[in-house]
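Thank you for coming this morning. I shall speak about pockets, a core and a few backbone details, and I ask you to keep the display in view.

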Amino acid sequence: ARVDVPITVHASPSRNLEFVDKNYKVRTVSFAELVRHCFATRDSAGAGDAAETWYFRSVGRRPKTKDGDAARELFAASFPALAADFELPRGTQMAREVSDRLHQSVLRVNQAGMRLWPHYDTLDNVLCQVVGRKRVLLFPSSAVPHLYMHGSTSRVADLDSPDLARFPLALAACGSGTEVTLAPGDVLFIPNMWVHQVVAVDACVSVNCFFERLPHDAYDPSDAYGNKDLPVQAAARDAALAAVRRQLSAIPDGEFRDLALQQVISTLLARGLAQPP
């Protein structure tokens, strides 16, 4: 790989990168500088010596296609020498399905101790660990009401030790979590809509392959990162919210309206879209 190729990194004074509060700056460095910075300390025990935590996610440089689709980031296009050393397990059903439905493949490099903001993706993906160890905390979509979501991102920066004074509901979500530690050569399937947080145990290199479970036209054509809600999902949600607000506005404000709202929420959670008896 060319070591002088310019790239952009997230640089933060904190190990916990927060997307909502933007506690990082985006900086242009060379690929060689990225590797030197991230691998100066290989494990999290000494990562506190670094003045900044760096995180790199490859971003596609190809323009949008004529039909408006976001550029598909195949990291092979940006890093062909590195991509030549990477492939999904040959002859497996996973490799066939991912390759046939690939949305983008993403190269990630980060230093030890980095904790990435919790979020969900609209696309399924397989996380392939190449160098170093990485912990992944996973939560089903049923935990979303307790994770203080802002779009597809949780405001709770540390799901290992959430700030319960600010986010008391996060305690309920933690009980539904699953933890996995990936070593080099491991591959983890992350289902769409599962909230996940990644913690780098060591300086890490990994590749994500995002792929489409639904027909291609079901996804937002402007979705470059695989985390925008489906257009039909967003439209139905917004229409439902508008209808609920309109109906509840007829109820006297205060406890009456609050109770009616809680009744609607609890009924939907308990019965889904099934008609009440």
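The residues that line the second largest pocket divide into 15 nonpolar, 13 polar and 6 charged. Here Ala, Val, Leu, Ile, Met, Phe, Trp, Tyr, Cys and Pro count as nonpolar, Asp, Glu, Lys and Arg as charged, and the others, Gly among them, as polar. This is a predicted model, in which local features need pLDDT of at least 70 and side-chain atom pairs count only at pLDDT 80 or more, while totals for chains, interfaces and linings use all residues. Residues are numbered from 1 along each chain as its sequence is written, and side-chain values use heavy atoms, with hydrogens and water left out.

The second largest pocket holds about 610 Å³ of space. Of its 34 lining residues, Y55, R57, W117, Y225 and N227 lie nearest the centre. Two or more lining residues come from each of β1 (6-12), β3 (53-57), β4 (102-110), β5 (124-131), β11 (195-200) and β12 (204-211). The largest share, 3 residues, is that of β3. Helices (H or I, at least four residues) and strands (E, at least two) are DSSP runs, numbered from the N terminus.

A word on the term pocket. On a 1 Å grid over the protein atoms alone, a pocket is an open set of points where a 1.4 Å probe fits, with protein on both sides within 12 Å along at least five of seven lines; lining residues have an atom within 4 Å of a point. Grid points are joined across faces, edges and corners, and a volume is the space filled by probe spheres set on the points.

The volume of the largest pocket is about 940 Å³. Its lining has 22 residues, and P145, R237, L241, L268 and L269 lie nearest its centre. Two or more of the lining residues come from each of β7 (149-150), α6 (231-248) and α7, and α6 gives the most, with 7 residues. By class, the lining has 14 nonpolar, 5 polar and 3 charged residues.

At 1.5 Å a residue, its 17 residues (255-271) should span 24 Å, and the end C-alpha atoms are 24 Å apart, which agrees. The expected span is 1.5 Å times one less than the number of residues. Just after α7, G272 takes a positive phi of about 65°.

Most residues other than glycine have a negative phi. K22, in the loop between β1 and β2 (25-30), is not a glycine, yet its phi is positive, at about 50°. Y148, in the loop between β6 (134-139) and β7, also has a positive phi of about 50° without being a glycine. K22, at 43% relative accessibility, counts as partly exposed, and Y148 is partly exposed at 22%; buried means under 20% relative accessible area, exposed over 50%, and partly exposed in between (1.4 Å probe, protein chains only).

Finally, the largest nonpolar core has 26 residues, and I7, F31, L34, F56, F79, L107 and V109 have the most contacts inside it. Such a core is a set of buried Ala, Val, Leu, Ile, Met, Phe, Trp, Tyr and Cys residues joined through side-chain atoms within 4.5 Å. The largest share of this core, 4 residues, comes from β12.
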